[in-house]
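Reader: I would like to go through this entry term by term. For each label, please give the value and the rule behind it.

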Amino acid sequence: MELRVVIWVWEFLVGRTQRASVGGQLSKEVKVTPGVPKGSNLGPLLFLMYVNDIWKNTDSNIRLFADDCTIYRKITNKNDIEKLQKVLDTLRKWAAENGMKIITGKSKVIRFTRAQVKNPLNYSLGDQKIPEMSSCKYLGIILQSDLNWVDHVNYTVQKTWKALHFVMHVLKKGNRSTKKFSLHIIGMSYS
């Protein structure tokens, strides 16, 4: 049974081709070598199985969500800083051994504290320094280094206003009964 599953997955991944359609014209087919088919149900599962051992040989917390990896650790002294850098070195080695590429341009470091800090953080992935940020977006929430929620609240309010303006624009074009029905639904959602 296990061998059949391996063969099935192998056949799913190997020998794939793709082509583009522009203005009704199709390009010629080219072979696809890396990765899994985009939009497939099996793709995310295979990816998660592939990266499932990324946490091994680390003593910091690692969280995976799709193709994003977050590493965090409470820092109380210089030894903790060195341990976190060691985890980054281990992660880089793991990626090389597994044929994965870490996109250092998308990597960032953030320090959560209310204390006044003078020393910059100097974490790196190989010879690439990871930039320190004062805020970052994590699973749709904007986190600020000073533990303030102002940026996230402003972002949420801005998204809400855009949605409201869209609904108002659509309602302008609707007939009288659509407007009454839509306003009734909007009114119900706020009560």
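Predicted model: local features only at pLDDT ≥ 70, side-chain atom pairs only at ≥ 80, totals over all residues.

Reader: Why is asparagine 122 called exposed?

Author: Exposed means over 50% relative accessible area, buried means under 20%, and partly exposed is in between (1.4 Å probe, protein chains only). Asparagine 122 has 56% relative accessibility, so it counts as exposed. The residue lies in the loop between α3 and β7 (124-125); helices (H or I, at least four residues) and strands (E, at least two) are DSSP runs numbered from the N terminus.

Reader: Which residues does asparagine 122 contact beyond its sequence neighbours?

Author: Leaving aside neighbours within four places in sequence, asparagine 122 is in contact with Gln85 and Lys129. Contact means heavy atoms within 4.5 Å.

Reader: What makes tryptophan 161 and leucine 147 partly exposed?

Author: Tryptophan 161, in helix α4, has a relative accessible area of 49%, and therefore is partly exposed. Leucine 147 is partly exposed because its relative accessible area is 41%. Leucine 147 is found in the loop between β10 and α4 (150-173), and its phi is near 65°, a positive value in a residue other than glycine.

Reader: Where is leucine 139 found, and what is its phi?

Author: Leucine 139 is found in the loop between β9 (135-138) and β10 (141-144). Its phi is near 50°, which is positive in a residue other than glycine.

Reader: What makes a set of residues a nonpolar core, and which residues have the most contacts inside the largest one?

Author: A nonpolar core is a set of buried Ala, Val, Leu, Ile, Met, Phe, Trp, Tyr and Cys residues joined through side-chain atoms within 4.5 Å. The largest has 15 residues, and those with the most contacts inside it are Ile54, Ile71, Leu88, Trp94, Val109, Tyr123 and Ile130. Helix α3 (residues 78-97) gives the most to this core, with six residues. Isoleucine 130 touches residues including Leu88, Val109 and Tyr123, not counting those up to four places away in sequence.

Reader: How does the radius of gyration of the protein chain compare with that of a compact globule?

Author: A compact globule of 191 residues would have a radius near 16 Å, but the protein chain has 24 Å. The radius is taken over C-alpha atoms, and the globule rule is 2.2 Å times the number of residues to the power 0.38. Along its principal axes the C-alpha trace spans about 65 × 55 × 35 Å. Of the 191 residues, 19% count as buried.

How values were computed
Residues numbered from 1 in each chain as written. Heavy atoms only, no water.
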